[in-house]
Amino acid sequence: MEYLFSTHINDTPYRVIFDNERYTFLPDADQSGASVFSLVREHDGWVDRDPLPEKIKSQAIDALEKYLLKQH
């Protein structure tokens with residue numbers, strides 16, 4: 001498990017980790033109502049294993065792509 005970066009999704013702070021080909025978004029400990037979710041990169045696209053609201057998925061993908069672009 002590798003910590004990558006922190007971001008805000010829907011005004012909720014998240015830590016993003018990478019483990020077993022998954023990018024997992026973990027809400028900060030004081031965010032009791034927020035959910036943990038993961039995205040996987042498959043065939044040049046992002047796949048959510050559990051259905052996510054489109055707004056959350058879109059913000060998460062934007063954060064991941066911005067992070068990954070900085071790595072190159």
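Predicted model: local features only at pLDDT ≥ 70, side-chain atom pairs only at ≥ 80, totals over all residues.
**Strands, Core and Aromatic Pairs**

Good morning. I begin with Glu21, which lies in the loop that connects β2 and β3. Glu21 is not a glycine, yet its phi is positive, at about 65 degrees. In general, most residues other than glycine have a negative phi. Is Glu21 buried or exposed? Glu21 counts as exposed, because its relative accessibility of 58% is over the 50% cut-off.

A second residue with a positive phi is Asn10, at about 55 degrees, and Asn10 is not a glycine either. Its place is the loop between β1 and β2. With a relative accessible area of 35%, Asn10 is partly exposed.

Let me turn to the sheet. It is open and consists of 5 strands in the order β1-β2-β3-β4-β5, and the pairing is antiparallel. Which strands form the edges? They are β1 and β5, the latter spanning 45–48, and each of the two pairs on one side only. From one strand to the next, the twist averages 30 degrees. The antiparallel pairing of β4 with β5 extends over 4 bridges, and Glu42 stands opposite Gly45 of β5. Helix α1 packs on this sheet and touches β1, β2, β3, β4 and β5. The direction of α1 makes about 135 degrees with that of β1.

As a general point, nonpolar side chains tend to be buried together in soluble globular proteins. Here, the largest nonpolar core comprises 17 residues, and those with the most contacts inside it are Phe5, Phe25, Phe37, Leu39 and Leu64. At least two residues of this core come from each of β1 (2–9), β2 (12–19), β3 (22–27), β4 (37–42) and α1 (54–70). Which element gives the most? The answer is α1, with 6 residues.

The whole structure contains 6 aromatic pairs. One of them, formed by Phe5 and Tyr67, is stacked, at 4.7 Å centre to centre with 20 degrees between the planes. It links distant parts of the chain, with Phe5 in strand β1 and Tyr67 in helix α1, 62 residues apart. Why do both partners count as buried? Phe5 does so because its relative accessibility is 12%, and Tyr67 because its value is 17%, the cut-off being under 20%.

The pair of Tyr14 and Phe37 is edge-to-face, with 5.5 Å between centres and 65 degrees between planes. Tyr14 lies in strand β2 and Phe37 in strand β4, 23 residues apart. Both Tyr14 and Phe37 are buried.

I finish with Thr12, a residue of strand β2. At 15% relative accessibility, Thr12 counts as buried. Neighbours within four places in sequence aside, Thr12 is in contact with Thr7, Gln31 and Ala34. Thank you.

Technical notes: Residues numbered from 1 in each chain as written. Heavy atoms only, no water. Core = buried A, V, L, I, M, F, W, Y, C linked by side-chain atoms within 4.5 Å. Buried < 20%, exposed > 50% of the residue type's maximum accessible area, 1.4 Å probe, protein only. Contact = heavy atoms within 4.5 Å. Phe/Tyr/Trp six-rings, centres within 6.5 Å; stacked < 30°, edge-to-face > 60°. Pairing = 2+ DSSP bridges. Axes fitted to C-alpha atoms, helices over the stretch in contact; angles between N-to-C directions.
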